[in-house]
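Open the model in your viewer and keep the sequence panel beside it, so that each selection can be followed in both.

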Amino acid sequence: MRSSTIITTDELSKRYPRVTALDRLTVDIGPGVTGLVGANGAGKSTLIKILLGLLVPSGGRAEVLGMDVVTRGPDIRKVVGYMPEHDCLPPDVSATEFVVHMAQMSGLPRTAARERAADTLRHVGLYEERYRPIGGYSTGMKQRVKLAQALVHDPRLVFLDEPTNGLDPQGRDEMLDLIRRIGTEFGISVLVTSHLLGELERVCDHVIVIDGGRLLRSSALSEFTQATQNVSVEVEEGQQALADRLMDAGETVTVHGRRLTVLVRSPQTYDTIRDAVCDLDLHLIRLEQNRQRIEDVFRGSAAEPVPSHSEPAAVPAAPSPSSSPTTEQARG
Ligand SMILES: Nc1ncnc2c1ncn2[C@@H]1O[C@H](COP(=O)(O)OP(=O)(O)OP(=O)(O)O)[C@@H](O)[C@H]1O
């Protein structure tokens, strides 16, 4: 068990009639922001529901904040917030009414519930709109309401299930910033799921990858994104001239559009780059050490290649029992 573990699972399994959603999952999760990454159907939502005491495991055990998930579900839900994946908001009430109601359901008296709801809605960035019926909200606003109701009872830990689902790039960035703030400013530990590997890089301290209900990897983000031996050099123009000059000086260089990647053989490489840029009178935009991205960890080792594009890459769906047809209508 990791020191100051807040969630621990031991050989945790969940079997549905036709699918094993979790397969002897053993993992410890510490405080801070933890990403739970896996393809659709990997078992992320199932794990969260078991940790909340909403689903009973078929085997193994799990504890949240030292409480057993099978026997202490109601106690866990008092101190843990939950933002579910699917749309579950009543369209006819306003965000204020809904979040106040949820605060009261958590045991807060009416006045305190109103105050907490107002604060929380402000924190998630809902202002005047909070008095309008939720039915007229954009997806981004609905996600914020779901986040607010997860935070309103001042939990020690929140589970956020695919909080960026359906958001455009700007909405996604704003949601990720909010998640980071929950972890840093409010000191609430976060377990956030995503099927997009790259998107959690910005916000997580630790990343857990599951596939077909099994643990693939659990590591500090820094282990995923170690510094590489390459530097990236970006110049406004003259890339080829710079590449030629560096290669003449014995450096190993590849050109990608405006950017060059240079292998750092020794600290001397930096001086060589600087001198070449000066001699050729080029406008240097960026010189930075490349870091391995989470996606790179899986590229090549994954069952299928991770697509390379500007959007965060989706975790490749590995063939597993979880990809077979399921009783979708039975899902919560
Ligand atoms: N109530 C249920 N009955 C039968 N099978 C289920 C049920 N709930 C989930 N499953 C199946 O269990 C597997 C894991 O589902 P789960 O929802 O936990 O995955 P996930 O990683 O959260 O993916 P997604 O983001 O698509 O929900 C999937 O194959 C899913 O179809």
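Select the buried residues of helix α5, which are Met141, Gln143, Arg144, Val145, Lys146, Leu147, Ala148, Gln149, Ala150 and Leu151; a residue is called buried if 20 or more other C-beta atoms, placed from the backbone, lie within 10 Å of its own, exposed if 12 or fewer do, and partly exposed in between. The model is a predicted one, in which local features need pLDDT of at least 70 and side-chain atom pairs count only at pLDDT 80 or more, while totals for chains, interfaces and linings use all residues. Residues are numbered from 1 along each chain as its sequence is written.

Now widen the selection to the whole of α5, residues 139-151, which has 13 residues and reaches 19 Å from its first C-alpha to its last, close to the 18 Å expected at 1.5 Å a residue; that expected span is 1.5 Å times one less than the number of residues. Helices here are DSSP runs of H or I with at least four residues, and strands are runs of E with at least two, numbered from the N terminus. Of the 13 residues in α5, 10 are buried, and these pack against β6 (80-83), α3 (95-105), α4 (110-123), β7 and α6, where contact means C-beta atoms, placed from the backbone, within 7 Å.

Next, go to Glu162 in the loop between β7 (157-160) and α6 (169-184), where phi is near 50°, a positive value in a residue other than glycine. Glu162 counts as partly exposed, with 19 C-beta neighbours inside 10 Å.

Finally, select Arg24 in strand β2 (residues 20-29), which has a positive phi of about 45° although it is not a glycine.

How values were computed
Two residues are in contact if their C-beta atoms, placed from the backbone, lie within 7 Å.
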